[in-house]
Amino acid sequence: MLLKSIKLFNFRQFKGEQEASFSTDIHKNVTVIMGDNGSGKTSFAQAFTWCLYGDTDFADKSMLNKEIENNLMPRQQVSVKVNLDLTHNDIEYYISRAQIYSRDDYGKIKPLSTSFNISYKKNGQQEFVKQSEVESRIKEILPKELSKYFFFDGERIQNFSKQIQRGKSKEFAQAVRGLLGLNAFIEAMEHLKPTSKFGVIGSYNDSYDSSSDDKIREYSNKIQKYQDDLDSIDQRLLQINDSIQIADEKCAELSNKINLHSEGERLQNEKKSLNQKIGKLIMARNQAEGSLLKVFNNNPTAYFAKSLIKQALDTLSNQDIRDKGIPDIHERTIKYLIDRGICVCGTKITFGNDAYVELNKALEYLPPKSIGTIISQFVNESEIRLKTSGFLYEQISDQYKIIRDFESDIDESRTDLSEIDKKLTDVVDVAPYQIDLHKYKDKIAELDREKRDLYQKRGAYLTSRDRLITDRSELTLRDEKNRKIEVYKAYAQYMYDELYALYQESEDKIRKKLENYINEIFRSIYEGGISLKIDSEYNIQILVEDTDGHVFDVEASTAQSLSVIFAFITGIIKIARENNNSIDDDSRMLESEPYPLVMDAPLSSFDKTRIRTICDTLPKIAEQIIIFIKDTDGEIAEEHLGQVVGKRYFFDKKNEFDTIIMQR
Amino acid sequence: MFDKEYVFSGKHADMVKKLTAQFGTDTNSKIFSRNIDVYIVAPIIGFLYGRKSSIDNTSDQTTKIFTEQLIKETTTLKYNYQLIMLLNKKQLPFEERLDKAFRNYGNKENTDDEETYNEFVLGGVEILYEKIIEEANMSEDFLQNIYDFTEEFNNRFNGSITTDEILDLCMLAKK
Amino acid sequence: MEPNDKIKIDKEKAQRLLKKLIIMERQNLKTKMHNDQQMVKLIKKSIEEEVECY
């Protein structure tokens with residue numbers, strides 16, 4: 001496919017009608033478009049995408065030039081159009097997409113109708129591709145999955161590199177195969193496929209029906225039913241495998257996370273038991289405190305007074321207490337005498353007389369008021385107090401020590417707790433991960449069960465089907481006409497088998513070739529211990545060789561990703577070109593056509609040496625190059641590409657909303 | 001004595017309140033359970049540390065001990081009183097001290113002795129407050145201070161005495 | 001794969017058919033003249049023709 005020219009009408013910054021035509025010269029196959037950031041290079045590149053596929057990567061889905069939009073009156077309509085001229089498979093196509101915008105009564109800009117046409121020149125006449133077929137035609141000219149690589153947006157590299165490295169897109173693989181020239185094979189195999197009802201063999205099976213033998217028709221129906229069932233089983237198995245793969249990946253991911261964070265669970269448990277321990281310790285300590293205070297409050301006087309009691313008793317026992325009392329006379333005696341009114345000596349005792357007063361005085365010194373008695377009482381009291389004074393100091397001392405021990409235990413535990421808390425802040429709760437992990441494991445088990453069931457069924461169906469086929473075959477051989485059909489089928493089958501093997505071989509070869517080219521190109525840009533591998537689905541792995549020769553996967557840097565993609569595309573283009581130019585019979589079976597390379601500002605990501613390498617490699621690889629560069633890269637590009645540049649443009653940015661494409 | 005309501009006032013009231021305040025989470029976390037508990041111990045402490053103090057009227061604070069409580073503790077209070085009187089002011093002849101402790105106890109004219117006793121009470125309150133409360137403001141420290149105070153007291157006053165010794169003395173004194 | 005041991009195939013014929021098929025497919029990719037159904041018919045025709053030939 002070669003791009004001839006593009007015309008823009010009011011497309012984004014490109015106000016009014018603007019056009020550019022591209023160099024298709026064999027030697028000077030480079031078209032350089034220069035412009036600063038914001039001048040519209042990306043918009044221009046997106047014009048291709050919009051024209052071919054109807055959408056862009058822009059967040060703002062309105063393609064209408066802002067100036068035109070602002071000047072649009074209510075109910076007025078304006079059209080945005082992109083026309084693309086290109087050749088593909090020796091046919092010249094004119095692809096045109098238009099979108100009408102209008103301002104409604106509320107002042108809002110609304111997109112109205114859209115039109116998309118593909119026309120081509122045939123026998124001097126312009127013919128239109130049927131509307132129902134435009135989509136598939138575009139797909140054939142350049143599938144959308146691949147368009148991103150041919151309209152190479154250097155600044156959106158990361159996403160692309162991820163796709164290439166981990167692309168699970170079957171469409172992508174298919175598209176690549178197409179580019180590599182394997183399409184004829186693929187088509188032929190599709191047509192011959194024995195399991196397809198609409199293929200050659202299927203059609204022959206159907207044609208058994210035209211024979212008068214009902215039995216054969218019956219067999220054919222049954223066989224087809226088994227075939228259909230087998231097909232859907234196979235499909236479901238593929239699905240299951242995909243799901244299992246995804247679930248496995250998830251499980252691995254979750255297990256990793258859980259292991260990393262399983263600390264957390266253990267720490268939480270520790271924390272819980274520590275808290276419990278602390279609680280118990282605090283309780284015990286408080287109890288001990290209570291005991292201590294109780295001791296302190298329980299008759300402390302006896303303890304504190306101990307030394308005084310000793311002294312007092314000392315004094316009392318040493319001193320000679322002269323008892324002023326009269327021996328053997330008790331208070332009772334005196335009272336009796338007073339009552340009697342006569343003393344022992346005969347003196348009269350009357351209330352208030354001298355005898356009375358003296359006798360009363362004596363009471364002071366007689367029991368029970370005698371000092372001796374009182375002191376006895378005092379000493380008894382002292383005894384009692386002493387006996388109950390206990391060991392206040394020892395008890396308090398003991399309790400105090402116990403309290404302090406508890407407190408230091410509590411402190412220790414608290415310190416441990418804060419250590420754990422510190423660790424926990426780094427750790428994530430794994431409970432939800434584990435729940436998910438279980439879910440996924442269950443899912444996998446379920447899928448496995450289904451798989452086993454399906455395999456069993458499959459086996460059974462295959463046996464039944466094959467038995468029926470043999471039976472039918474026997475029947476058919478009896479009939480002359482049907483016998484012929486068997487022969488045709490045999491040829492078709494043989495062809496299919498051969499094609500299949502040939503295809504595998506060719507695809508293998510081509511893929512290896514692609515891998516080699518890609519590595520070659522990659523190494524010329526990016527020396528040093530890195531190689532690329534392509535698998536059967538055209539996923540690319542970047543491998544790094546360390547000094548010991550070990551090889552491992554690696555995340556690509558921007559420059560590396562760019563180089564990978566660049567190498568990939570150029571590899572494909574190179575092969576496509578070879579197929580096209582090959583005289584070799586074998587290779588001619590693989591026919592594909594060259595593709596252009598439209599590169600949007602990749603140079604900014606490379607260093608100067610790489611730029612030079614790229615500029616050297618490019619023109620030799622692609623049939624046609626259209627390259628966008630910044631003003632600042634202009635000189636370099638000119639220096640390295642100058643010889644092969646066929647056309648030059650630059651984007652003259654008048655203002656935010658108006659860029660003009662100027663030829664240099 | 002000890003048959004009517006007793007009132008702590010001024011700074012002593014403040015001290016007694018603090019000595020009977022709850023310092024922990026438990027309602028039983030008090031250095032002294034009740035005012036009367038302070039009142040019982042204080043004179044002994046005051047006498048031993050040789051501290052007397054007079055009634056303070058610098059603030060309106062008061063806290064009291066009810067008559068019923070005092071009456072309940074009469075035996076102990078009387079005993080402590082007698083002990084102190086017996087041993088107070090060794091310059092006083094023994095006879096006089098004996099009188100003060102035993103004979104004159106309960107005499108309404110005993111105001112001097114009563115006052116002396118009361119001064120020891122207030123002095124003891126001050127000592128207790130200084131030793132247990134002043135340096136602390138957290139319950140651990142109260143406990144520490146109680147312990148320190150008890151230890152200091154033990155070393156200074158009770159260290160060389162065993163209970164048995166004293167009991168022997170009792171025997172002696174009874175004769 | 002279907003058992004076809006009772007039927008003999010001329011390998012040369014088969015290879016010729018194969019080459020013809022690829023060329024047909026390639027051509028059709030370019031011109032888009034025939035749809036799948038038509039292609040299948042054409043293939044069948046060429047097989048039958050080849051088989052009948054000597």
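**Figure 1. The β1–β2 hairpin of chain A in the predicted model.** A:Leu8 stands opposite A:Gln18, a residue of β2(A). The two strands, β1 (residues 2-11) and β2 (residues 14-21) of chain A, run antiparallel and are joined by six bridges. Two residues lie between β1(A) and β2(A) in this hairpin. In the turn, A:Arg12 adopts a positive phi of about 50°. In a regular strand, side chains alternate between the two faces of the sheet.

**Figure 2. Packing of helices α8 and α17 of chain A.** Helix α8 (residues 200-207) and helix α17 (residues 480-525) of chain A have axes that come within 9 Å and cross at roughly 170°. Because angles over 145 degrees count as roughly antiparallel, α8(A) and α17(A) are roughly antiparallel to each other. The crossing of α8(A) and α17(A) is left-handed. From α8(A), the residues A:Val200, A:Ile201, A:Tyr204 and A:Ser207 meet A:Ile485, A:Tyr488, A:Lys489, A:Ala492 and A:Gln493 of α17(A). By class, the residues of this contact comprise six nonpolar, two polar and one charged.

**Figure 3. The side of chain B that touches chain A.** In chain B, 39 residues are in contact with 38 residues of chain A. At least two residues of this side of chain B are supplied by each of the helices α2 (35-49), α4 (74-87), α5 (94-103), α7 (139-158) and α8 (163-174) of chain B. The side of chain B that touches chain A has 24 nonpolar residues, together with 11 polar and four charged ones.

**Figure 4. The helix pair of chain C.** Chain C has two helices and zero strands. Of the 54 residues in chain C, buried residues make up 20%. Helix α1 (residues 11-31) and helix α2 (residues 36-52) of chain C pack with their axes 11 Å apart, at an angle of about 155°. The helices α1(C) and α2(C) are therefore roughly antiparallel to each other, and their crossing is right-handed. On α1(C), the contact is made by C:Lys13, C:Arg16, C:Leu17, C:Lys20, C:Leu21, C:Met24 and C:Asn28. On α2(C), C:Met39, C:Leu42, C:Ile43, C:Ser46, C:Ile47 and C:Glu50 take part. The residues of the contact of α1(C) with α2(C) divide into seven nonpolar, two polar and four charged.

Technical notes:
Residues numbered from 1 in each chain as written. Chains lettered and ligands numbered in written order. Predicted model: local features only at pLDDT ≥ 70, side-chain atom pairs only at ≥ 80, totals over all residues. Contact = placed C-beta atoms within 7 Å. Helix = DSSP H or I, 4+ residues; strand = E, 2+ residues; numbered from the N terminus. Nonpolar A, V, L, I, M, F, W, Y, C, P; charged D, E, K, R; others polar. Pairing = 2+ DSSP bridges. Buried ≥ 20, exposed ≤ 12 C-beta atoms within 10 Å, placed from the backbone. Axes fitted to C-alpha atoms, helices over the stretch in contact; angles between N-to-C directions. Parallel < 35°, antiparallel > 145°, perpendicular 65-115°, else oblique. Left-handed = near helix turned anticlockwise from the far one by under 90°.
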